[in-house]
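This briefing goes through a few local features of one protein chain. Keep the sequence and the 3D view open while reading.

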Amino acid sequence: MAQKQLIKTPWLIAGQFMNNIGMSFIWPLTTIYMHNVLGKSLTETGIVLMLNSVANVLASTIGGRIFDRGNPYHLLLMGITLNGLANFALIFFHGWPWYPMLLVVTGFASGWLNTMFNALAASVPRDKVRRTFTLMYLAANLGVVFGTMLVGIVYSMGMALLFSMTTSLFVIFLIIALFEYNVDSSNVTGVDPRQGQDVHLPRANFHIVWTFFISLFIIWLLYE
C-alpha cells in the first residue's frame with residue numbers, strides 16, 4: 001500500500017468509533033447471556049468481566065511501551081486482526097468455556113487498539129491535537145451509544161448474527177486501515193524505532209500521574 005505522511009483526523013475518528021461499537025457489544029450482553037443462557041452465577045459473570053478489563057489494561061500497558069519501538073501501522077493491523085478473529089470465533093463458539101476465553105481476547109485487542117489510536121492522535125499537527133482528541137472522545141462515546149442500542153435489537157435474533165455483525169465491522173475496519181493508516185513511522189512516533197530509549201519522568205510528574213490514576217480508579221470503582 002502507498003505510504004502516507006500523516007493519518008487524516010477523520011480516519012482516526014472513524015476508527016475510534018468502530019472499535020468502541022465492537023467493545024460496547026460486550027458490556028450489556030455478557031451479564032444477561034452468561035446468567036440467563038449459560039446458567040452462570042452473577043459472581044462468575046463479574047469475574048469474566050473483570051478478566052476482560054484486566055486484559056484491556058494489560059494490552060494498553062504493553063502497547064504503550066512498544067509503540068515508539070515498533071511500526072505503528074503493523075501494530076494497529078495486529079490489533080484489528082486479533083479482534084476480528086476473536087469475534088469470528090465467537091460466531092461458532094459462544095458456549096462455555098469458549099465465550100469467556102474469547103471475551104478476554106477481545107478485551108486485550110480492544111485495549112491494544114485504544115492505545116494505538118491515542119498515540120496516533122498525539123502525532124497530528126500540534127495546532128490540531130486538542131481538537132482531534134475532543135472529536136475522538138466524542139466518537140468513542142457515540143460508539144458506546146450505538147453499540148449498546150444495536151446489541152439490544154440484535155440479541156433476540158441470535159448470538160451468531162450478533163458476532164457476524166461485529167466480525168463484518170472489523171473486516172471493514174481492516175480494509176480502511178490497510179489504505180489509510182499506512183504512514184511513515186518516523187512521522188508518527190517522532191523517532192527512529194531503532195533508536196528508542198526509555199524516558200524517566202521527573203519525580204513530581206510521577207507522583208501527579210499516579211495520584212490521578214488512583215483517583216480515577218476510585219471514581220470508576222464507586223461508579224460501577
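The model is predicted. Trp98 is partly exposed, because its relative accessibility of 45% lies between the limits of 20% and 50%.

**Aromatic rings**

- A pair of aromatic rings is described by the distance of the centres and the angle of the planes.
- Searching the whole structure gives nine aromatic pairs. One of them joins Phe93 and Trp98, with 5.8 Å from centre to centre and 50° between the planes.
- One aromatic cluster is made up of Tyr33, Tyr99 and Phe163.
- Trp96 has a charged neighbour: Lys40 lies over the face of its ring, 4.2 Å from the ring centre.

**A nonpolar patch on the surface**

- Leu138, Leu142, Val145, Phe146, Met149, Ile153, Met157, Leu161 and Met165 form a nonpolar surface patch. Together they have about 800 Å² of accessible area.
- Helices α6 (129-154) and α7 (159-180) each supply at least two residues of this patch.
- Which helix gives the largest share of the nonpolar patch? It is α6, with six residues.
- Ile153, a member of the patch, is found in helix α6. Ile153 has a relative accessible area of 46%, so it counts as partly exposed.

- Thr45 sits in helix α3, which spans residues 42-66.
- Is Thr45 buried or exposed? Thr45 is buried, because its relative accessible area of 1% is under the 20% limit.
- Beyond its neighbours within four places in sequence, Thr45 is in contact with Thr30, Thr31, Met34, His35 and Lys40. Among these contacts, Lys40 is also the residue over the face of Trp96.
- Thr31 belongs to helix α2, residues 27-37. Thr31 is partly exposed, at 32% relative accessibility.
- Leaving out residues up to four places away in sequence, Thr31 touches Leu42, Thr45 and Leu49.
- Thr31 and Val48 are 17 residues apart along the chain, and their C-alpha atoms are separated by 9.5 Å.

Methods. Residues are numbered from 1 along each chain as its sequence is written. This is a predicted model: local features need pLDDT of at least 70, side-chain atom pairs count only at pLDDT 80 or more; totals for chains, interfaces and linings use all residues. Side-chain values use heavy atoms; hydrogens and water are left out. Rings of Phe, Tyr and Trp (its six-membered ring) pair if their centres lie within 6.5 Å; planes under 30 degrees apart count as stacked, over 60 as edge-to-face and the rest as tilted. Buried means under 20% relative accessible area, exposed over 50%, partly exposed in between (1.4 Å probe, protein chains only). A charge sits over a ring if NZ of Lys or CZ of Arg is within 6 Å of the ring centre and within 35 degrees of the ring normal. Patches are made of residues with over 30% relative accessible area and no salt bridge: like charges are joined within 9 Å, nonpolar side chains (Val, Leu, Ile, Met, Phe, Trp, Tyr) within 5 Å. Accessible areas come from the Shrake-Rupley method with a 1.4 Å probe; for residues, only the protein chains shown count as cover. A salt bridge is a side-chain nitrogen of Lys or Arg within 4 Å of a carboxyl oxygen of Asp or Glu. Helices (H or I, at least four residues) and strands (E, at least two) are DSSP runs, numbered from the N terminus. Contact means heavy atoms within 4.5 Å.
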